[in-house]
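Visitor: Please pick one spot in this model and take me through it closely. I would like to see what surrounds it, and then how the neighbouring parts are put together.

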Amino acid sequence: MNNQAPAAPAASAQPLMACQECDLLQRIPPLPVGGKARCARCNFVLAARPTDPLQLPLILTLTALIVFIVANAMPLMDLAAVGRYASTTILGGARQMWLDGERITAVVVVFCAVIAPACHLLLMLVVLLAARRPPLPHWSGELLRWGLHMQPWAMYDVMLLGILVALIKIAELATVNPGVGMYAMGLLAVLLPAIAVTFDAREVWKRVAWKHGDDLAAAAFAEENSAERGR
């Protein structure tokens, strides 16, 4: 009886992926460390496998979490008008909106500026730390799913733009000095997209120990996440 090594997975067994540039459907073969897969039609990079694909996202997530705490704990700005001074934080501004009767706006601000980014960063941090010692338990896949669902709701860039517009309008009426929280918000507006760009969910799904060997579900979700990142 001859013992033969298991054959490599056939190309037809790999999930189909649409190119983000030309929409050509093609299958991505298993990539070696440091390898890249390019579109056969437009030469766009479809997938890449860096040497340590989770190290940079982990560093960015830790940094973003620290900056997030600073952005919510420190004042956004200092206002001075007619001899009176005032400063506020994100939660302080939302509380004042609630007291002024703008309750829907206050809830939206708290969710998009505090709850959603906090959930996204904490869930991503747990998953990335767990992924350093594979195999991951199957529940880590659910944490990753919720973390990615929270990502679009962390709208620091939109909120920062709105604050800048408001500052321009009141600059003639009061003296406005940006606080540490404002600079932290600007840094978060850069860090959150950087995490989304550098993080590849497929590297995590490969490390998940599926309860029923459901590799097809992992591949389908990884393909869906890759397509959403390209939109």
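Guide: Thr61 has a relative accessibility of 0%, so it counts as buried, the cut-off being under 20%. Please keep in mind that this is a predicted model, so everything here is computed from predicted coordinates. Thr61 belongs to helix H1, which covers residues 55–73. What does Thr61 touch, once residues up to four places away in sequence are set aside? The partners are Leu121, Met124, Leu125, Leu128 and Ile195. Among them, Leu121 and Leu128 have numbers that fall inside helix H3, residues 103–130.

That leads us along to H3. Cys119 also sits in helix H3. Is Cys119 buried, partly exposed or exposed? With a relative accessible area of 28%, Cys119 is partly exposed, whereas Thr61 is buried. Cys119 also illustrates how the chain folds back on itself: its C-alpha is 6.7 Å from that of Gly147, although the two are 28 residues apart in sequence.

Now for the helix that packs against H3. Two packed helices are described by the angle between their axes and the distance between the axes. For helix H2, residues 90–99, and helix H3, the angle is about 160° and the axes are 7 Å apart. Because an angle over 145 degrees counts as roughly antiparallel, H2 is roughly antiparallel to H3. Their crossing is left-handed.

Which residues make the contact? On the H2 side they are Ile90, Leu91, Ala94, Met97 and Trp98. On the H3 side they are Arg103, Thr105, Ala106, Val107, Val109, Val110, Ala113 and Val114. Sorted by class, this contact has 11 nonpolar residues, one polar and one charged.

Gly93 is another residue of helix H2. Val110 is one of the H3 residues in the contact with H2.

Most residues other than glycine have a negative phi. Asp23 has a positive phi, near 65°. The loop that holds Asp23 runs between strand S1 (16–18) and strand S2 (25–27). Asp23 counts as exposed, with a relative accessibility of 58%. Asn43 likewise has a positive phi, near 70°. Asn43 is placed in the loop between strand S3 (36–38) and strand S4 (45–48). At 47% relative accessibility, Asn43 counts as partly exposed.

Let me finish by setting these pieces in the whole chain. The protein has eight helices and seven strands. Of its 231 residues, 35% count as buried, and Thr61 is one that counts as buried. Among contacts with a separation of 6 or more, 61% join residues 24 or more positions apart. The accessible surface comes to about 14100 Å², and carbon and sulfur atoms make up 63% of it.

Key
Residues numbered from 1 in each chain as written. Predicted model: local features only at pLDDT ≥ 70, side-chain atom pairs only at ≥ 80, totals over all residues. Heavy atoms only, no water. Helix = DSSP H or I, 4+ residues; strand = E, 2+ residues; numbered from the N terminus. Buried < 20%, exposed > 50% of the residue type's maximum accessible area, 1.4 Å probe, protein only. Contact = heavy atoms within 4.5 Å. Areas by Shrake-Rupley, 256 points an atom, 1.4 Å probe, with all protein chains shown as cover. Axes fitted to C-alpha atoms, helices over the stretch in contact; angles between N-to-C directions. Parallel < 35°, antiparallel > 145°, perpendicular 65-115°, else oblique. Left-handed = near helix turned anticlockwise from the far one by under 90°. Nonpolar A, V, L, I, M, F, W, Y, C, P; charged D, E, K, R; others polar.
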